[in-house]
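User: I am new to this structure and would like to learn how its features are read. Could you guide me through it, giving the general idea before each case?

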Amino acid sequence: MSEEKDSSTVSDSCVDNLVLAQEIFDLVKDIRDPELPQTLEELSVIEEEFIEIHQTGNDEYIIKIEFKPTAPHCSLATLIGLCLRVKLERSLPYKFKLDIFLSKGTHSTEDEINKQINDKERIAAAMENPNLKKIVEECISDEY
């Protein structure tokens with residue numbers, strides 16, 4: 001009987017994580033590309049399958065997001081990662097650790113970009129730059 005309860009709990013947890021992944025996707029899919037008039041969803045830069053959620057404790061989560069730049073030499077991949085991070089940090093009501101990565105093999109400098117978009121000090125410095133902050137705000141704005 002306790003085994004059934006355990007498997008039900010695992011199933012409930014998986015369902016909860018899928019619902020959270022859908023919610024996160026809904027938050028980021030309409031971020032606009034910094035250079036093109038389309039959204040990240042329209043450009044297939046972000047897809048729901050690229051989002052993983054792991055619960056680590058009471059209302060604490062690890063969120064992993066992968067994204068695909070539009071080209072292997074995309075000069076704005078770091079900015080797209082910054083937009084994803086800022087949008088989620090402002091929108092999510094629960095405690096989380098956010099890891100954002102380029103999908104393996106999709107960018108010529110993916111290791112350097114992954115390091116930049118997951119470094120708190122670099123993120124903070126980028127958001128202190130008024131020009132960069134303005135671009136991020138425009139990309140993540142809900143107004144079209």
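Predicted model: local features only at pLDDT ≥ 70, side-chain atom pairs only at ≥ 80, totals over all residues.

User: How does one read the sides of a helix, and which residues of helix H4 are buried?

Analyst: An α-helix has 3.6 residues a turn, so residues three or four places apart point the same way. In helix H4, which spans residues 120–128, the buried residues are Ile123, Ala126 and Met127. They lie on the same side of H4 because the arc they cover around the axis is only 95 degrees. Glu121 and Glu128, on the other side of H4, are exposed.

User: What covers the buried residues of H4?

Analyst: The cover includes helix H2 (77–91), helix H3 (110–117) and helix H5 (130–140).

User: Which contact is found at the start of H4?

Analyst: There, Asp119 places a side-chain oxygen within 2.9 Å of the backbone nitrogen of Glu121. Glu121 is also one of the exposed residues of H4.

User: How is the packing of two helices described, and at what angle do H4 and H5 pack?

Analyst: Two packed helices are described by the angle between their axes and the distance between the axes. For H4 and H5 the angle is about 95 degrees, and the axes are 5 Å apart. H4 is therefore roughly perpendicular to H5. By class, their contact comprises 5 nonpolar, no polar and 3 charged residues.

User: Which residues of H4 and H5 meet?

Analyst: From H4 come Ala126, Met127 and Glu128, and they meet Pro130, Leu132, Lys133, Val136 and Glu137 of H5. Ala126 and Met127 are also among the buried residues of H4, whereas Glu128 is exposed.

User: Let us turn to the loops. Is Thr39 buried or exposed, and where does it lie?

Analyst: Thr39 lies in the loop between helix H1 (2–28) and strand S1 (51–57). Thr39 counts as buried because its relative accessibility is 6%, and the cut-off for buried is under 20%. A polar atom of the Thr39 side chain lies 3.5 Å from the backbone oxygen of Lys29.

User: What is the phi value of Ser44?

Analyst: Phi of Ser44 is near 60 degrees, a positive value in a residue other than glycine. Ser44 lies in the loop between H1 and S1. With a relative accessibility of 32%, Ser44 counts as partly exposed.

User: Which residues is Ser103 in contact with, leaving aside neighbours within four places in sequence?

Analyst: They are Glu66, Phe67, Lys68 and Glu110. Ser103 is placed in the loop between strand S3 (95–102) and H3, and at 9% relative accessibility it counts as buried. Although Ser103 and Glu66 are 37 residues apart along the chain, their C-alpha atoms are separated by 5.3 Å.

User: Finally, is Asn114 buried or exposed?

Analyst: Asn114, found in helix H3, is buried, with a relative accessible area of 12%. Apart from its neighbours within four places in sequence, Asn114 is in contact with Ile100, Phe101 and Leu102.

Terms used
Residues numbered from 1 in each chain as written. Heavy atoms only, no water. Buried < 20%, exposed > 50% of the residue type's maximum accessible area, 1.4 Å probe, protein only. Helix = DSSP H or I, 4+ residues; strand = E, 2+ residues; numbered from the N terminus. Arc of directions from axis to C-beta. Contact = heavy atoms within 4.5 Å. Polar contact = N/O pair within 3.5 Å; in protein donor to acceptor, adjacent residues only side chain to side chain. Axes fitted to C-alpha atoms, helices over the stretch in contact; angles between N-to-C directions. Parallel < 35°, antiparallel > 145°, perpendicular 65-115°, else oblique. Nonpolar A, V, L, I, M, F, W, Y, C, P; charged D, E, K, R; others polar.
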